[in-house]
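Please read these notes alongside the coordinates.

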Amino acid sequence: MVNNPFILYGYESEKYFCDRKTETQELKRLVTNGNHVALIAPRRIGKTGLIENLFHQKDIQRDYFTFLVDIYATKNIEELIMAMGASMLSSLRPKGAKVIQKFVNILSSLRTGISFDAMGNPTWNVEIGDIHLPRTTLDEIFEYINTADKPCIIAIDEFQTVADYHDDKVEAILRTYIQHCRNAQFIFSGSQRTMMGEIFLSPSRPFYQSTSMMNIGCIPVEKYSKFAQGLFKEADKDITTDIIEKTYQQFDGITWYVQRVMNEFFSLTPQHGVCDETMLDTAIKNILRANEFTYQSLLFQLPIKQKELLMAISKKGKAQNLTSSAFVKKYRLTSSSSVQSAMKGLLEKNFLTSNLGIYEVYDKFFALWLLTQR
Ligand SMILES: Nc1ncnc2c1ncn2[C@@H]1O[C@H](COP(=O)(O)OP(=O)(O)OP(=O)(O)O)[C@@H](O)[C@H]1O
Ligand SMILES: [Mg+2]
């Protein structure tokens, strides 16, 4: 039993995972019928969680090898290859010596970077400099995939990152490998809607029409309520539907924020106690306090004009027409051209998100904290 059933990082088991039943079935249907899938949704909705949930299904575990590769921090094809190799090795590790041996034998270009301890457990020590010829190593990785003992499902998470690589041939290279790969289906997941859209929907891009598109939305509030109440009950605690709905509304139903607040509610509620309206303020204060240091340093690094604009947007909540004279005047900003350039800076640094001309502070807790500042 975990201490707090509202898991904040990683995946435990289906018990601590709310709903996503139809989404899991849909994703399973697509990949087990030979489709590659582009999974696109806003940040923190639960894309990675959905992939984990699929990978934990009994039949998937029985019939497939599954790999989850997060490429968020990669900057080039060498780092992407490293991320793939490392994640494959760690997923194969529990499957025993024979499976590992085969993988290591095929990845002969990286042999020196994979070591074995006394128990025969492999560790990945490959350094970026070990990848002398990316194509050779990619050939090996795909040779392994094509000859693996089971078909593979490979999820490349934060896939939009490849669009930021300096080398613009990477998409084409990957596309070619994937096209010729007979033993794996790929899931490409990502959140920057426009970037993912461009990769998969522009006729001029290599991945055009190569994948099925799948979007996921918020978990319905009734489903989340049932889930949360169930977990409270199991610990001899209770929570009102009202407070769950209120929290859900406040954070637009975005899974991470709701789950984070529930985690706090759970720890604030004593055994046999009931969590109700009165706890919302305290819970949010606690969360903001826990992040105070981070928020302060984030704010500190911003140029003054960006800081002012960010404050203004946090006051407004969802803001439109930022460069209009009305907005500039209301929040006492310098000028519409200074707002324009501040906006650009904030968007680039991911402090802001924009959707159809509506701007919001990207991190909803950060936005609440900004409101507590002058
Ligand atoms: N179905 C679920 N049930 C319970 N909690 C969930 C569920 N889905 C997501 N979460 C919670 O929300 C958090 C964010 O989910 P996840 O990492 O899957 O989102 P994401 O869409 O991949 O986000 P990002 O765009 O930041 O990568 C998880 O760490 C988990 O705490
Ligand atoms: Mg994710």
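The points below take the basis of the model, then the sheet, then the helix pair.

1. The model is predicted: local features need pLDDT of at least 70, side-chain atom pairs count only at pLDDT 80 or more, and totals for chains, interfaces and linings use all residues. Residues are numbered from 1 along each chain as its sequence is written, and chains are lettered from A and ligands numbered from 1 in the order in which they are written.

2. Five strands make an open sheet with parallel pairing, in the order 2-5-6-1-7. Strands are DSSP runs of E, at least two residues, and helices are runs of H or I, at least four, both numbered from the N terminus; two strands pair if DSSP finds at least two bridges between them. Strand 2 (65-70) and strand 7 (212-215) are the edges, each pairing on one side only. From one strand to the next the twist averages 20°.

3. Strand 1 (residues 37-40) pairs with strand 7 in the parallel sense over four bridges. Met213 in strand 7 is the bridge partner of Ala38. Helix 8 (residues 193-201) packs on the sheet and touches strand 1, strand 6 (184-190) and strand 7; contact means C-beta atoms, placed from the backbone, within 7 Å. The direction of helix 8 makes about 165° with that of strand 1.

4. Helix 11 (residues 255-268) and helix 12 (residues 280-300) have axes that come within 9 Å and cross at roughly 110°. Axes are lines fitted to C-alpha atoms, for helices over the stretch in contact, with angles from 0 to 180 degrees between N-to-C directions.

Definitions and conventions:
Two residues are in contact if their C-beta atoms, placed from the backbone, lie within 7 Å.
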